[in-house]
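Welcome! Please take a look at the structure below, and then we will walk through a few of its contacts together.

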Amino acid sequence: MAWVNAVIQGILTGGLYALFACGLSLMFGVMKVVNLAHGDLATVAGYVGVGVIAATHVPFLWSVPIVVAIMAVLGYVLQRSLLQAAISRGELITLIVTFGLSIVIENGLLQFFTANTRGIGTGSSLISASFSIGSQITIAWLDVVIFGLAIVVLLGLQYFLSGSKYGRLIRAVADDREAAQLSGADYRHVFGIAAGVAFATVALAGNSYGMTTVIDAT
Amino acid sequence: MSEAVAPQRRVDSGTPLLEVHDLVVHHGQLRALSGISLRVYPGEVYAIIGANGAGKSTLLRTIAGLHRPSGGSIVYDGKNVTGVRPDKRATAGIVMVPEGRRLFPSLTLEENLKVGATYARPGPWTIGQVYDLFPWMKERRNQRTAQMSGGEQQSVAIGRALVANPRVLLLDELSLGLAPVILQRIYGMLPRILASGVTVLLVEQDVSQAMRVATHLQCLLEGRTTLEGRPSDVTAEEVEAAYFGMGSSTSADAKSPVRSAPDVEGGEA
């Protein structure tokens with residue numbers, strides 16, 4: 001039965017990875033930016049989560065939408081400033097810039113938060129609760145919740161991209177930036193929105209990761 | 001404005017809707033346009049003709065804002081728009097159908113039109129109106145445009161521009177890769193577009209097609225104007241000379257003096 005256990009745990013972990021990957025994929029698909037700082041931004045989101053809880057004393061579940069909103073705004077601003085400047089200088093420049101951003105983030109976090117690890121306290125028993133199937137398979141409820149979240153996020157992203165006005169513009173700009181401009185769309189604004197959405201998913205991924213294990217600056 | 005549909009009449013009274021003064025555009029080292037001027041009046045069909053590499057598309061793309069001129073100015077509706085971004089020009093009413101259609105391949109027909117309508121000016125054209133103009137579109141609105149024929153794609157590109165409710169519609173090389181019979185059908189839509197109050201500035205390699213629809217004609221050769229006038233006032237010989245740059249170009253009519261093009265200026269791609 002060990003292999004059944006491995007498959008089940010693997011699928012559940014895959015949910016977390018999908019949460020990490022969808023933002024990366026969105027930014028690559030739309031802006032052709034390979035965001036090497038993606039993982040670091042997830043860590044930033046984890047620290048933002050820790051900070052929001054420490055500063056406002058809101059329960060964990062309430063802190064999540066706040067963190068998502070903060071990260072989405074950060075995504076828009078970062079895209080309109082640094083990343084847009086890199087994109088206008090060529091696709092390879094974005095690699096160097098995001099690599100540099102990754103180094104800056106890692107060392108910045110190390111400076112401010114030290115190398116001590118932190119966990120995101122959910123304040124509920126969910127974090128350690130589990131259930132068993134048979135005698136050999138034990139599944140953590142947290143993994144199931146994160147897997148469910150990943151499915152909801154992916155479906156939501158799909159719905160947003162195929163059905164909404166901005167989703168349509170994002171796909172149009174990804175197809176042909178210049179033609180979208182001729183239709184009156186400011187592609188830089190559309191890029192900013194795509195980055196905002198990508199960063200929102202990064203926030204969810206970072207916080208999910210912070211719940212399952214711990215986050216640290218390196 | 002529908003009286004402008006009758007060809008051979010230039011409405012050169014009143015203020016021009018679009019003015020280009022001494023436009024100079026470089027592609028890197030290459031001088032693509034060397035001082036082009038034109039005036040487009042409301043309700044006109046202004047055709048720019050010329051051989052490959054004459055600078056026609058560059059002129060249209062610069063008017064749409066996709067190239068930054070190194071000299072000269074573009075005035076639209078009395079305002080200087082030379083430094084304005086292309087998306088701002090589109091929302092102000094200068095909308096281009098780009099060369100090669102440039103539809104969004106991963107979007108369906110209707111989604112292409114919806115993108116065109118997202119930042120539309122208020123006006124008569126809606127997606128429903130476009131379906132009236134091209135009735136075949138309604139049934140195929142959920143298909144991707146990549147599967148469609150060249151003529152169908154060109155129609156979608158025109159529809160996408162129309163739903164933005166342009167005041168000036170820039171048509172870049174509609175005839176490219178289309179069979180003559182399909183092209184006839186697409187140009188057949190022009191009177192209905194003009195009747196809605198849209199002014200048309202088009203670039204065309206097919207001279208006879210341009211002569212048929214235009215109220216005013218301008219011929220470019222190697223980035224310079226070689227001939228300008230109403231289609232009724234120019235002879236086939238003059239057009240031929242201006243198009244190919246053979247001999248010294250002659251005056252089209254007394255009212256539109258023609259600058260002669262020096263045959264030297266080489267290096268056109």
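How many residues of chain B are in contact with chain A? Let's begin there, keeping in mind that this is a predicted model.

## Where the chains touch

On the chain B side, 22 residues are in contact with 16 residues of chain A. Three elements of chain B, namely helix H2 (86-92), strand S6 (94-97) and helix H3 (109-118), each supply at least two residues of the side that touches chain A. The largest share comes from H3(B), with 5 residues.

What kinds of residues does this side of chain B have by class? There are 13 nonpolar, 4 polar and 5 charged residues on the side that touches chain A.

## Helices H3 and H4 of chain A

Helix H3 (residues 60-87) and helix H4 (residues 91-113) of chain A pack at an angle of about 140°, and their axes are 7 Å apart. H3(A) and H4(A) are therefore oblique to each other.

From H3(A), the residues A:Leu82, A:Leu83, A:Ala86 and A:Ile87 meet A:Ile93, A:Thr94 and A:Val97 of H4(A). This contact divides into 6 nonpolar residues, 1 polar and no charged.

## Helices H6 and H8 of chain A

A second pair in chain A is helix H6 (residues 165-175) and helix H8 (residues 187-212), which pack at an angle of about 115° with axes 10 Å apart. H6(A) and H8(A) are therefore roughly perpendicular to each other, and their crossing is left-handed.

H6(A) brings A:Tyr166, A:Leu169, A:Ile170 and A:Val173 to the contact, while H8(A) brings A:Tyr187, A:Val190, A:Phe191, A:Ile193 and A:Ala194. By class, the contact of H6(A) with H8(A) has 9 nonpolar residues, no polar and no charged.

Note on methods: Residues numbered from 1 in each chain as written. Chains lettered and ligands numbered in written order. Predicted model: local features only at pLDDT ≥ 70, side-chain atom pairs only at ≥ 80, totals over all residues. Contact = placed C-beta atoms within 7 Å. Helix = DSSP H or I, 4+ residues; strand = E, 2+ residues; numbered from the N terminus. Nonpolar A, V, L, I, M, F, W, Y, C, P; charged D, E, K, R; others polar. Axes fitted to C-alpha atoms, helices over the stretch in contact; angles between N-to-C directions. Parallel < 35°, antiparallel > 145°, perpendicular 65-115°, else oblique. Left-handed = near helix turned anticlockwise from the far one by under 90°.
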